[in-house]
Amino acid sequence: MQIRRASFPIYAPHPPCPFEHEDSPCLQRHGHYERNTHPEGSGRTRIQRFFCKFTGKTLSVLPDTFLPYRSINVPDVQEHFDRAQDHQSPVQSKVIRGCLNRAVKRFARADRATRLTDFFGQRLPRTSSPQALWKAMRHAAGNLSHILLELATQGKSLLGDYRCLK
Ligand SMILES: [Zn+2]
């Protein structure tokens, strides 16, 4: 499972365990791996990994600019979604455009809209388009970092619900 650093307190040395079990404490540092800092493959960022000794599952702590499970960064997604989502920026590389297009497609799926609308409950109106849903989420929760933080409290993210994925 991947979580962003902002989803647990700055003073905490490691995250709370997201896996359900009775005993604690359980998390131990479990090495690290490197991930591309930018989707095009440039830059390397070190990702700390933790191991839950009761469930045998691992947890990775991502820098806050990373979107969990996607090779695209939070500022790029926010910027792209804030514009009309079909906007093609001439300055973006083909790789980033591909990632953003996949993100938009995923966000536009009906099941995603339902889950996000359910999550934010009465703070969001029932909307008919992905663009309207995005606008309503921004209005209700703030920037994408804040949106992700709220979603993470229930194991969710913008484009998927991670507790359901293994
Ligand atoms: Zn645990």
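Helix axes are lines fitted to C-alpha atoms, for helices over the stretch in contact, and the angles between them run from 0 to 180 degrees between N-to-C directions. Two packed helices are described by the angle between their axes and by the distance between the axes. In the predicted model examined here, the axes of helix 4 and helix 5 (residues 144-152) come within 9 Å and cross at roughly 80 degrees. Angles of 65 to 115 degrees count as roughly perpendicular, and helix 4 and helix 5 are therefore roughly perpendicular to each other. The contact involves W134, M137, R138 and A141 on the side of helix 4, which meet L144, H146, I147 and E150 of helix 5.

W134 also takes part in aromatic packing. The structure holds four aromatic pairs. One of them joins F81 and W134, with the ring centres 5.0 Å apart and 75 degrees between the planes, an edge-to-face arrangement. F81 belongs to helix 1 (residues 74-82) and W134 to helix 4 (residues 130-141), so this pair ties together parts of the chain that are 53 residues apart in sequence. Residues under 20% relative accessible area count as buried. F81 has a relative accessible area of 2% and is therefore buried; W134, with a relative accessible area of 2%, is likewise buried. The rings of F119 and F120 have their centres 5.0 Å apart and their planes at 85 degrees, so this pair is edge-to-face. Both F119 and F120 are buried.

C17 lies in the loop between strand 1 (2-4) and strand 2 (27-36), whereas C52 lies in strand 3 (residues 44-52); the pair, 35 residues apart, links distant parts of the chain.

C17 counts as partly exposed because its relative accessibility is 25%, whereas C52, at 0% relative accessibility, counts as buried.

How values were computed: Residues are numbered from 1 along each chain as its sequence is written. This is a predicted model: local features need pLDDT of at least 70, side-chain atom pairs count only at pLDDT 80 or more; totals for chains, interfaces and linings use all residues. Side-chain values use heavy atoms; hydrogens and water are left out. Helices (H or I, at least four residues) and strands (E, at least two) are DSSP runs, numbered from the N terminus. Buried means under 20% relative accessible area, exposed over 50%, partly exposed in between (1.4 Å probe, protein chains only). Rings of Phe, Tyr and Trp (its six-membered ring) pair if their centres lie within 6.5 Å; planes under 30 degrees apart count as stacked, over 60 as edge-to-face and the rest as tilted. Angles under 35 degrees count as roughly parallel, over 145 as roughly antiparallel, 65 to 115 as roughly perpendicular and the rest as oblique. Contact means heavy atoms within 4.5 Å.
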